[in-house]
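Please look through the sequence and the structure shown here before turning to the report, which takes up selected local features in turn.

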Amino acid sequence: MVLESIRFRTRFVIINNIVNVLAISITVAGKVGLEMGLSSGSNASEAVKLCVFDLRRGQNEGQELDKILFFYPADLPFTTQLSVIGLSEGLITFTRIFSPEAACDVIEAEMHSHVFYEAEPDIWMVMVVEKNKESEAIWRIDALRRVLKEIHTLFVMFHGSVRELVDKEPTGGLVRTHLYYFIMDYLSDFFIGKKLHLPNFRDSLKERGTVQMLTVGREVAIDVQSLVRVLESCAGNSKCYSLTMFQDLLVSATLSPDDTVSLFTYAVLRLTPQALSSGVSSWSYLRKGNTACNTSAGAVMANSCPSVDQYYNSGDTSPVGNRSYPVVRPLQNDKWSKGKDGFLVTDIWGAEFGSSIPTSPTIWLKQTEEKMYLCAYQLRSLTVILLIPASSVINGEQGIAMVKQQILENASLKMFKVEEKLSRGWGGENAYHVSGYRYLLVDGDRCVSRASPPGKVTTLTKDSLVALSKLREEVDSERIRANSDGLGHEKDLEICIRAKNNAWLIARLTRGKELYMVLEKANETLLYASDAVMKFSDRYCNGAFSLE
Amino acid sequence: MKEKNSATASVLKRILVNCSAQAKQYGSCVAARVPEVERDMCLKEFLVLKNCMRNVLQGKEHVGMSGKASASNHPGFSVSDALSHVYIQYPPLRCTLTGTKSFLYDDGNKLLLGLTSDRVFSWKTAPYNPHVAPSSDPLCEGPVLSIRYSLDLKLLAIQRSNYEVQIWNKETGDTISQKCRSESESILGFFWADCPTCDIVFVKTSGLDFYSYNPELKSLHLVETKKLNVSWYIYTHESRLVLLASGMQCKSFTGYQLSLAGIIRLPRFEITMAKSEANNKPILAAEDVHIITVYGRIYCLQFDRAAMLLHSYRFYRDAVVQQGSLPIYSNRIAVSVVDNILLVHQVDAKVVIIYDMFAESRTPISAPLPLLLRGFSRASESKELSDPELIIYGDDWSFLVPDLICDVANGYLWKIHLDLEAISASSSDTPSVLEFLQRRKLEANKAKQLCLEITRTLILERRSLPVVARAIDVLITTYSQAIKTGSYQKRTNTEDASPSGVSNLKSPNTEVDESSRVDASGIKQESARGIESESSNRSTISASVSDGSVSFETKKMTSHNLDSSSGKTEGGYMVEPEASGAQVDASIVQSQILGPGSNALNANASEQLESQVSSAAISPADLYRFVFAAIEEEMAGDATYLVSIIVEFLRSASLEKLKVDPNIYVLIVQLLAREERYEELVLFVLNKIIDPSKEVAMQLIESGHQNVQTRKLGLDMLRELSLHHDYVLLLVQDRYYLEALRYARKNKVNTVRPSLFLEAAHASNDSQHLAAVLRFFSDFIPGFKNTSEHNSYCRIVADMNSSIAT
């Protein structure tokens, strides 16, 4: 027993070593040609590859293409696509020998990193990024994996699981179309010009897949809760959920943490006043309102995906007919707008037959696997999202309209008051800046994080950020190791590093909470740095990190 | 409840069968005017229908109404238990003595006086007790026009004729005779006053004479004379106001108030009367004018027979302002005031309409309904055969100020009661019902219980959130008002305060309370007045409406200021009075200051003295105990709804800065955990909606068996509350023994037994950890090395190490 656990604990080390050997041996054998992607590395757009594939498909020789559900960039030749997927599959199969439960996490090759994420059983997402010390291409693997995870959770929220779509239409046309539009729409936010900018070391003081919360006083909090209760009672007796946001910060949510994160992410991307007005989402300073991708996406699709066309043509039994899968594209840009009555409207979900009234959006909840109508109301900086169980709304749009009417009647005054109070107490975008500190605070249990404002983080030197990225990488692997130990016992951890530029980098983990900190203008001594953490913890974290 | 409903239904069915014609008429009348629905718009038809209903009820013996004392059908009685808001309770106060010639009412002392040929019997009517025994004094032969005891009951004044009043000293037996000075004037009446300058006032056709009584000289001494022609006058002791009518039509009025502060002259005012014919000049009669006192305000009501309207005038110090008119449906009316509610008896129609003048509203509280005789049964009737026929609104009824009825023919004295239950059941607008009940003082406890019951029912019936929220708002704001004005006090408290000062304490409090309530009604223009701007948050009753006036009592103003400042010094959260000595002190100080000043045109103290001071206000603690805790189990299936209600309750309380019972937070935690709404629970705790306390923390930890996160919240709360011992103990329990040790060392916790740590470390099967723990205690606890525990664990560590090595 003891021996086995040791083997598991060292699993990742072994894999890392083996992979290096493997990579070489495979290249030597020339069977897959691992370097083919690298040889054409001069093309900037190919610095990133992203694919989704299903290991249960295309089992037979000659049908390998069937595995591919999505590939970016789509215009890569099939042979290249197949080689990437073939390598990935090979590694997964190989590592499963050692660890059937959790196979490969990452391959670190000399020039590339391959990030693996098993979104659903046998549905894998793999991202290949180029390493380049000179440019900005310094990655933290967990940050990249969180991008994959985010794509998947959002996809599931809108379309249900990938496996379900695959099963629905065995030719794969349905799922390919959905994944294609969805991921391309998602990636459009990461494009600067023609280049994909994924989160790199500069985003070390950020945690994707978490929610940022607004801190409110007791009185306002009670008002908000009162509003939430009234809202959720607007649809009669059915159990509704709600999400209340101010600017792009969460005020209150009654959903499970997972669902809250997904819906919050979507709201920040497309629904908040900032997202509506400028198309620039505030949390990602990388995104510069580039929407060119959308228009180009169709073109790319048309000329680069013969495989997809091929499947369309083969599906002549499909009642939908040629290439006309009705696709809902929730991440499409500039599709949401604020209606006269304050409710947000979109035609993404199409319209009912014979009417111009847009269909109400629906999403799937992860926790309860329920289909919910999404009803969003916006008043100045306040965004309120109400989720109504689709099963409880009998007559569709009419029912939703009635609920909306109820909201206007019962809750509009409360919303007005809450908005007013929140605006009065709102400290601006630098509200959570603590001078002297650059920090990231993550509560893993609740999926909540708070960080220094992006504008303040940019003042840090590259050295500090790169070092912090490394530190976090270290903490990530430590955490994974602890998790694989099982037992659910959360270990306390503290790391203090003096970087090349004399900045102190600190990581502290305690009982599910994480604190990362960069102190550039810190004094010489470790004692000083430790003191600074203590002060911060006492003042801003209720003493959660001041155990020593 | 159900049983009663079905009984009512069957009665209604019979009524509808028998009175279909009348019902149809009433229905068509309503239908004809339906777009503009008004109250009482088809009253005539309604009364016809009502008469018919009454006959139907009387035609049947015992209509089978369940509950309450059985409604017997004595002829001439309107008996319907369910349909009445005002009742008189059987048995009455029987003032039947043989040889009683007449009854007179001394409203200064609240005595009903019965005259026989040689004695005067007096029954105390306040506090009302139907079995009170009369006391008597001898009376000389001769005619008696009116008779009143002095306010200290030592003197008895008897008006013998239009020219003579005799004053008889009970102790010495001396008699003073006071006569008119000339034949040109006559005495209309007299009354005793408690004003500092005069003791008795004679109202004569030529004006007022103010006399003071000199006990040493045993004589009256003329203080002041006011000359004016008086046709008739009215006076009520509770208002201390005398109204003198003059002029051809007797519609020109002059008023004087004889308060503790002195004699205040009110501005002269004219009453306008509708003319039935062009040349007809109606003469106003004394019985058509009434002085009433509600909520400490004084009104004059005038029955305009031609217009069939009851006009109301409100008295301010330097103005008399007409307030509006109430419709009248009878040629004979009477007016009573019960617990600040105005009752207009439509004597001919045998119904009573009730109004709450609080918000200056002219709409009746409910539909006209008959006056009910309660507790009268055939059984009791047969037992006392002497009982003569009882006729509701009989011709012999005289209505005494404020809430008594004297049945002169039978010598019965009835006290009028409000049926708060019936009134509150007759309206579906719960928040306003609650407001109404919260204003009740006479049966404060009953009103309070009703309020709690109504609130409970609201929640149990799952009424919509806004409705319940408004109801809770009403209760919380009235409580907060009551606390600010100091009128919310437990009875024990007032009794503890010097017994001699009780009277002094009680009355002003109620006064202040009322004034603040006036403020609450939103008469905002008053506060704009310069002199009052200082205490604009609590404008007094006395301020004027439109044409400007000054406040009545500067003393009163200062006391208000003092009151508010004492509220300020307390700052932050208001504490319930019983919990804070300061608050009680403040109210005592305030009462002392108010004492002499509580007499303006406002209600007089003596009335309120008798009623219990406790108000209907409900503290948040009571709300928790009698509402939330009481219904928690019944609401088990719908915890989410109950949480919503509690959130509204917390919102209301925080708005008024009231502290709530910590148990309510425990309840929230239980409810949310039961529904597995852990995410909301986190929000509640982090946003401090749930006040941190040890109880809450322990509940979180308990509920956290299902949800680790909730348990962590509880632990964090313990840490933040610096409950080090519990925190360390729980950390060890959760097998975080190393962290616990570190924390224990940092915060110097030495109350947790080392064995707990050692056991936990041992259980983790990690020899290094166990050794570390052992080492810790050896180093930090002196003498630990010598304990048997140390030795045994040393052996264990050694064993573990050897087993690994092999």
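## Model and confidence

The structure is a predicted model, and its confidence scores deserve attention before any local detail is read. Chain A averages a pLDDT of 79, with 80% of the residues scoring at least 70. Over residues 1-45 of chain A, however, the pLDDT is below 50, and this stretch has 37 contacts in the model beyond near neighbours in sequence. Residues 280-322 of chain A likewise have a pLDDT below 50, with 64 contacts in the model once near neighbours in sequence are set aside. Where pLDDT is low, the predicted coordinates should not be read in detail.

## An annotated span in chain A

An unreviewed UniProt entry places the feature "domain: CCZ1/INTU/HSP4 first Longin" at residues 51-160 of chain A.

## The four-stranded sheet of chain B

In chain B, four strands form an open sheet in the order β3-β4-β5-β6, with antiparallel pairing. Its edge strands are β3 (102-106) and β6 (135-138) of chain B, each of which pairs on one side only. Neighbouring strands of this sheet are turned against each other by 25° on average, direction ignored. In general, strands of a sheet pair through backbone hydrogen bonds, either parallel or antiparallel.

Taking the pairings in sheet order, β3(B) and β4(B) are antiparallel and share five bridges, and the bridge partner of S102(B) in β4(B) is L115(B). The hairpin made by β3(B) and β4(B) has four residues between the strands, and in it K110(B) takes a positive phi near 55°. Strands β4(B) and β5(B) also pair in the antiparallel sense over five bridges and form a hairpin with three residues between them; here L113(B) stands opposite S122(B) in β5(B). Strand β5 (residues 119-124) of chain B is in turn joined to β6(B) by four bridges, the two running antiparallel, and R119(B) has P138(B) as its bridge partner in β6(B).

## Burial of strand β4 in chain B

Strand β4 (residues 111-115) of chain B is largely enclosed by the rest of the structure, because five of its five residues are buried. L111(B), L113(B) and L115(B) point one way from β4(B), whereas L112(B) and G114(B) point the other way, and all are buried. In a regular strand the side chains alternate between the two faces of the sheet.

## The surroundings of T215 in chain A

T215(A) is found in the loop between β8 (211-212) and α8 (218-232) of chain A. With a relative accessibility of 51%, T215(A) counts as exposed, because the cut-off for that class is over 50%. Leaving aside neighbours within four places in sequence, T215(A) is in contact with Y432(A) and R450(A). With R450(A) the contact includes a polar one between the two side chains, at 2.7 Å. T215(A) and L422(A), separated by 207 residues in sequence, are 9.8 Å apart in space, C-alpha to C-alpha.

## Backbone features in loops

D122(A) sits in the loop between β4 (112-120) and β5 (123-130) of chain A and, at 16% relative accessibility, counts as buried. N502(A) is not a glycine either, and has a positive phi of about 70°. The place of N502(A) is in the loop between β18 (493-498) and β19 (504-510) of chain A, where N502(A) counts as partly exposed at 41% relative accessibility.

How values were computed. Residues are numbered from 1 along each chain as its sequence is written. Chains are lettered from A and ligands numbered from 1 in the order in which they are written. Side-chain values use heavy atoms; hydrogens and water are left out. Two strands pair if DSSP finds at least two bridges between them. Axes are lines fitted to C-alpha atoms, for helices over the stretch in contact, and angles run from 0 to 180 degrees between N-to-C directions. UniProt positions are given in the numbering used here, feature names are shortened, and annotations may be inferred rather than shown by experiment. pLDDT is the predictor's confidence in each residue, from 0 to 100. Contact means heavy atoms within 4.5 Å. Buried means under 20% relative accessible area, exposed over 50%, partly exposed in between (1.4 Å probe, protein chains only). A polar contact is a pair of N or O atoms within 3.5 Å; within protein, one must be able to donate a hydrogen and the other to accept it, and residues adjacent in sequence count only if both atoms are side-chain atoms.
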